[in-house]
Amino acid sequence: MTDNMNKEIHKQKLERGLKNRHVQLIAIGGAIGTGLFLGSGKSIHFAGPSILFAYLITGIICFLIMRSLGELLLSNLEYHSFVDFVQDYLGNMAAFITGWTYWFCWISIAMADLTAVGLYTQYWLPGVPQWVPGLIALIILLIMNLATVKLFGEMEFWFALIKVIAILALIVIGLFMIFTGFTTHSGAASFTNLWSHGGMFPNGFNGFILSFQMVVFAFVGIELVGLTAGETKDPEKVIPKAINNIPIRVLLFYIGALLVIMSIYPWKAINPSESPFVQVFAAIGIVAAASIINFVVLTSAASACNSAVFSTSRMVYSLAKENNAPSSLAKLTSRKVPNNALFFSTIVILIGVTLNYIMPEGVFTLITSISTVCFIFIWGITVICHMKYRKTKPDLAKENKFKMPLYPLSNYLILAFLAFILVVLALAEDTRVSLFVTPAWFILLIAIYKMRKAKAHQAE
């Protein structure tokens, strides 16, 4: 490819096609994963009612991370993703490592969610091979993402809306059951169920500490709203609004839903291998309760995969703009969509899904655990970049209307919390391995970066 063509590609810019309602719902969708619908039974069984405090603490930390991300993105509207400000504040190697790490995180999420799409479809169509629905879903998502960024926003809007309606329905039905003293096989629904079965910490402080591992997993993807900045109409208004609403969403969707569930059923009566949502809807005689929740988790998995296709393509696009990926991946179509980057990420997701069906499950579990450790790294890097920005550009920081509260105390608080999560991951047997394997990923990236740099020097 000639230098002139490279220059032309680098001049192209993404289109600001995402509206306020798209970004608001993308922010909600990012904060609500399938973990709430399916995995909350397991976390309740683990920690009991103290899980509410774990969600509250993690929610506050995630809000502060998002505030630091928001301040950075609005300090320069030319920033389209993490790579751009990491490049500015920590240099090219850090940008290369961060960009490809975030890409890897979402590739593994897409692999997990396409597998889930296959499993959830088999609930209704047990005769269909698991890989078929996953492949169909990936092709549909690719076609929609290739069209326009507005279509991606539209899909995420409806996917997130389904999740929101399901949670609100659970809360409304649950409150009705509590206030009317509805009786289940476990006794009467009442707020007293929260503390009358061994107190708020029935499994002691140890159970509470270990629950953070699952709670943090539930918030992975919350930073996606930051990736939409470059394609958002009026980002200075829309991004702060989406970020500032995070505490309300955490309180309502996570804490509200779990509080209602544990008030209807004592925490011991909640089946860890079943969705608590199904238990609640079935209790009031909704025959199709399991089918409804299966539909919700199916769309939730499709939504996460849609986010993965979008975010990985934008990350590769940003990397290519900074010469940290082949420049052809920075090319935009006439509709301002990075189609080469989209095809590249989709092919890798497809390879991943194929390997997932061929290889034993243990390998796949390892990949997803590594990606969680990598997400913690991304959050940490964001906070470090924010500190560097405040120190090196105080005049720019003074003008910013969307400041991180309690700086620098909040930055140190986040970093201490992330370090604490790494310790928690080391305590649990199933996640401990990922802490030993993850450094290999970073060593590989550093080696690739050094080789690329050496090649570039030779070419000169």
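This is a predicted model: local features need pLDDT of at least 70, side-chain atom pairs count only at pLDDT 80 or more; totals for chains, interfaces and linings use all residues.
**Entry: two ring pairs**

I began with Tyr89 and Tyr389. Their ring centres lie 6.1 Å apart and their planes stand at 75°, so I noted the pair as edge-to-face, the word for angles over 60 degrees. Next I asked where each partner sits: Tyr89 is in helix α5 (residues 82-90) and Tyr389 in helix α16 (residues 361-392). The two are 300 residues apart, and the pair links distant parts of the chain. Both Tyr89 and Tyr389 are buried.

Then I turned to Phe179 and Phe191, which also form an edge-to-face pair, with 6.0 Å from centre to centre and 75° between the planes. Phe179 belongs to helix α8 (residues 149-179), while Phe191 sits in the loop between β2 (187-188) and α9 (204-219), so this pair ties together parts that are twelve residues apart in sequence. Phe191, at 29%, is partly exposed.

**Entry: more on rings**

I found a cluster linked by ring pairs, made of Phe53, Phe201, Phe205, Phe208, Phe212, Phe417 and Phe420. I also looked for arginines over ring faces. Arg67 lies over the face of Phe402, 4.2 Å from the ring centre. Arg390 does likewise with Tyr407, at 4.5 Å from the ring centre.

**Entry: back to Tyr389**

I wanted to know what surrounds Tyr389. Its relative accessibility is 0%, so it counts as buried, the limit being under 20%. Leaving aside neighbours within four places in sequence, I listed its contacts as Glu71, Leu72, Ser75, Tyr89, Pro394, Leu396, Ala397 and Asn400. Glu71 is 318 residues away from Tyr389 along the chain, yet their C-alpha atoms are separated by 9.6 Å.

**Entry: the whole protein**

I stepped back for an overview. The protein has 19 helices and two strands. Of its 460 residues, 55% are buried. Among contacts with a separation of 6 or more, 82% come from residues 24 or more positions apart.

**Entry: the core**

Which residues touch the most other members of the largest nonpolar core? I found Tyr55, Phe85, Phe219, Leu258 and Met262, out of 139 residues in that core. Helix α6 (residues 92-124) gives the most to this core, with 18 residues.

**Entry: helix α4 and two partners**

I checked how helix α4 (residues 51-75) meets helix α12 (residues 246-264). Their axes come within 10 Å and cross at roughly 170°. That makes α4 roughly antiparallel to α12, since the angle is over 145 degrees. On the α4 side, the contact includes Tyr55, Gly59 and Phe63; on the α12 side, it includes Val250, Tyr254, Leu258 and Met262.

From α4 I noted Phe63, Met66, Arg67, Gly70 and Leu74, which meet Pro235, Glu236, Pro240, Ile243 and Asn244 in α11.

**Entry: a covered helix**

Helix α13 (residues 276-283) is mostly covered, with six of its eight residues buried. The buried ones are Pro276, Phe277, Val278, Gln279, Val280 and Phe281. Just after α13, I saw that Gly285 takes a positive phi of about 90°.

**Entry: Asn294**

My last stop was Asn294, in helix α14 (residues 289-321). Is Asn294 buried or exposed? With 9% relative accessibility, Asn294 counts as buried. Not counting residues up to four places away in sequence, Asn294 touches Tyr120, Tyr123 and Trp124.

Conventions. Residues are numbered from 1 along each chain as its sequence is written. Side-chain values use heavy atoms; hydrogens and water are left out. Rings of Phe, Tyr and Trp (its six-membered ring) pair if their centres lie within 6.5 Å; planes under 30 degrees apart count as stacked, over 60 as edge-to-face and the rest as tilted. Helices (H or I, at least four residues) and strands (E, at least two) are DSSP runs, numbered from the N terminus. Buried means under 20% relative accessible area, exposed over 50%, partly exposed in between (1.4 Å probe, protein chains only). A charge sits over a ring if NZ of Lys or CZ of Arg is within 6 Å of the ring centre and within 35 degrees of the ring normal. Contact means heavy atoms within 4.5 Å. A nonpolar core is a set of buried Ala, Val, Leu, Ile, Met, Phe, Trp, Tyr and Cys residues joined through side-chain atoms within 4.5 Å. Axes are lines fitted to C-alpha atoms, for helices over the stretch in contact, and angles run from 0 to 180 degrees between N-to-C directions. Angles under 35 degrees count as roughly parallel, over 145 as roughly antiparallel, 65 to 115 as roughly perpendicular and the rest as oblique.
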